[in-house]
Amino acid sequence: MAQYTKHPVKAPPTAPERESTGHLLLRAYIILVLIVTFAHSAVYNLLGAIGAGIVLVVFLLATLAIGIPMIATNRPQAFPWRRLPWTATAYALLALLSLAWSQWRVPTAITWVLLATVTVNALFIAHVLTWHEIVRALSSAFKWILGLSLALELWVSLVLHAPLLPNFVTLPDGEIDPQWYWVRDNLFDGGRIQGIVGNANLLAIISVFALITFGILYSARARWRTTLAMWMLLAAYFLFRAASATAFACAAAAAVVLIVALLMRRAQTPAARTRLYVVFIGGSVLAGAAAWLLQKPLLALLGRESDLTGRSDRIWTKVLERVAEHPIAGNGFSSPWVPSDPAFDHWITDHGITVFHAHNMWLDVLMQLGAVGLVLVAIAYLSLLWRSWFFAVDRPRWDLTADRTYSPLTLLPSLFTVVLLVQGLTESTPIMLWGWMLLILLSFKIKATPIVGVGERVIERGERRRRVP
């Protein structure tokens with residue numbers, strides 16, 4: 001009996017390829033790693049210093065248990081050893097070698113294990129996920145952090161009706177400095193909110209990363225765009241309520257870079273790009289000079305002190321004193337500083353709390369690993385900035401076709417890098433935990449797979465063919 005169909009004879013429809021259960025579990029594990037890394041302060045407030053350290057070590061062992069068999073069996077492809085971010089790797093090796101001359105050997109050993117854990121996890125993520133999957137994993141992690149932050153703030157304000165201390169400790173009698181609180185119960189009184197990470201500045205910078213990630217996925221026409229728009233509104237609300245001057249500066253810098261990158265994409269000739277570079281670089285120099293000359297009124301407008309909340313007088317001056325003691329090789333690695341160690345205990349305090357970093361990543365590196373470490377970090381970040389910029393503004397090419405459309409996803413590395421560099425002027429997080437993870441992950445992924453989309457698979461097949469003896 002004859003069979004009739006409306007489908008073309010030559011191309012019957014095929015179901016979309018489904019991800020294997022193993023790969024879905026792998027992505028879920030990586031999302032959990034990202035959550036724990038970006039919200040590590042929440043883990044610290046929940047489990048304490050020892051518990052937070054144990055969690056990171058457990059994830060390191062789990063990553064090695066998953067990753068080593070994959071590399072040994074060449075799944076999904078052979079590990080691209082030659083594409084490793086070698087400058088950042090040299091910095092990590094220098095940090096380990098600093099045990100030989102460190103003025104604080106115990107903090108050096110402890111924090112180097114944290115650095116190694118983050119480095120291994122970043123390399124693993126970049127190796128096993130595609131660009132699309134990395135952006136989606138970051139998006140999922142930020143959604144969890146923002147969602148849990150909102151839930152915790154609501155619980156504290158509507159149920160607890162009182163500030164919350166770390167480890168759910170009962171509030172003692174008498175006045176307590178607000179700096180000690182995990183959540184200050186400011187959701188409905190107009191004060192700065194801290195979310196699950198327990199720090200308004202950290203919540204604000206995560207909100208900036210989230211806005212970038214959600215916006216890029218929205219531009220890439222990802223599924224559930226209405227839901228993405230709602231998450232963007234929540235991230236913008238947290239950014240506003242956290243009221244971090246550094247985060248506002250990071251967001252402004254990312255917006256400027258985004259505009260320039262989009263203009264570069266529209267430029268049709270090298271001369272047009274050259275004019276844009278001249279305008280952009282010249283404008284940046286003028287804006288930087290104006291910001292320096294007008295720093296006092298600008299900081300006053302943002303409600304901040306002219307000494308950057310005590311950074312220049314109380315923190316940077318003391319850090320520079322230690323820099324002068326060992327300017328070449330530094331005093332020894334420790335990112336973050338370990339407040340319980342005699343070398344840092346009450347060395348620099350803020351509201352009675354020992355400060356755990358220099359609030360400037362360049363000064364922090366200079367104090368810890370001297371001029372040698374400073375050069376390595378500068379090269380690592382400048383290399384990432386250079387590669388990520390051309391990753392964003394150059395058309396994707398892996399053959400003779402030169403008119404392929406741009407992918408919004410290629411904008412993410414350059415925007416993230418700019419945020420990290422601007423934040424590094426007043427914070428040290430770009431050289432530890434999630435800041436270091438982003439440096440390693442983005443540097444390695446751009447070098448190993450400088451194409452987004454179909455070209456990723458083309459490059460991977462080409463790499464495998466070149467390895468065949």
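Colleague: At what angle do helix H6 and helix H7 pack?
Modeller: This is a predicted model. Two packed helices are described by the angle between their axes and the distance between the axes. Here H6 spans residues 200-219 and H7 spans residues 225-242. Their axes lie 8 Å apart, and the packing angle is about 155°.

Colleague: Are H6 and H7 roughly parallel or roughly antiparallel to each other?
Modeller: The angle is about 155°. Angles over 145 degrees count as roughly antiparallel. H6 and H7 are therefore roughly antiparallel.

Colleague: Is the crossing of H6 and H7 left-handed or right-handed?
Modeller: The two helices pack with axes 8 Å apart. The hand of their crossing is left-handed.

Colleague: Which residues of H7 make the contact with H6?
Modeller: H6 brings Ala200, Leu203, Ala204, Ser207, Val208, Ala210, Leu211, Phe214, Gly215, Leu217 and Tyr218. The residues of this contact divide into 18 nonpolar, two polar and one charged. From H7 come Arg225, Leu228, Ala229, Trp231, Met232, Ala235, Ala236, Phe238, Leu239 and Ala242.

Colleague: What is the phi of Phe168?
Modeller: Most residues other than glycine have a negative phi. Phe168 lies in the loop between helix H5 (131-160) and H6. Phe168 is partly exposed, at a relative accessible area of 44%. Its phi is positive, about 55°.

Colleague: Where is Ala243?
Modeller: Ala243 is not a glycine, yet its phi is positive, near 50°. Its relative accessible area is 24%, so Ala243 counts as partly exposed. Its place is the loop between H7 and helix H8 (245-266).

Colleague: Is Glu427 buried or exposed?
Modeller: Glu427 is in the loop between helix H13 (412-423) and helix H14 (434-448). Its relative accessible area is 8%. Buried means under 20%. Glu427 is therefore buried.

Colleague: How many Å apart are Glu427 and Asn201 in space, C-alpha to C-alpha?
Modeller: In sequence, 226 residues separate Glu427 and Asn201. The loop with Glu427 runs between H13 and H14. C-alpha to C-alpha, the spacing of Glu427 and Asn201 is 9.6 Å.

Methods:
Residues numbered from 1 in each chain as written. Predicted model: local features only at pLDDT ≥ 70, side-chain atom pairs only at ≥ 80, totals over all residues. Heavy atoms only, no water. Axes fitted to C-alpha atoms, helices over the stretch in contact; angles between N-to-C directions. Helix = DSSP H or I, 4+ residues; strand = E, 2+ residues; numbered from the N terminus. Parallel < 35°, antiparallel > 145°, perpendicular 65-115°, else oblique. Left-handed = near helix turned anticlockwise from the far one by under 90°. Contact = heavy atoms within 4.5 Å. Nonpolar A, V, L, I, M, F, W, Y, C, P; charged D, E, K, R; others polar. Buried < 20%, exposed > 50% of the residue type's maximum accessible area, 1.4 Å probe, protein only.
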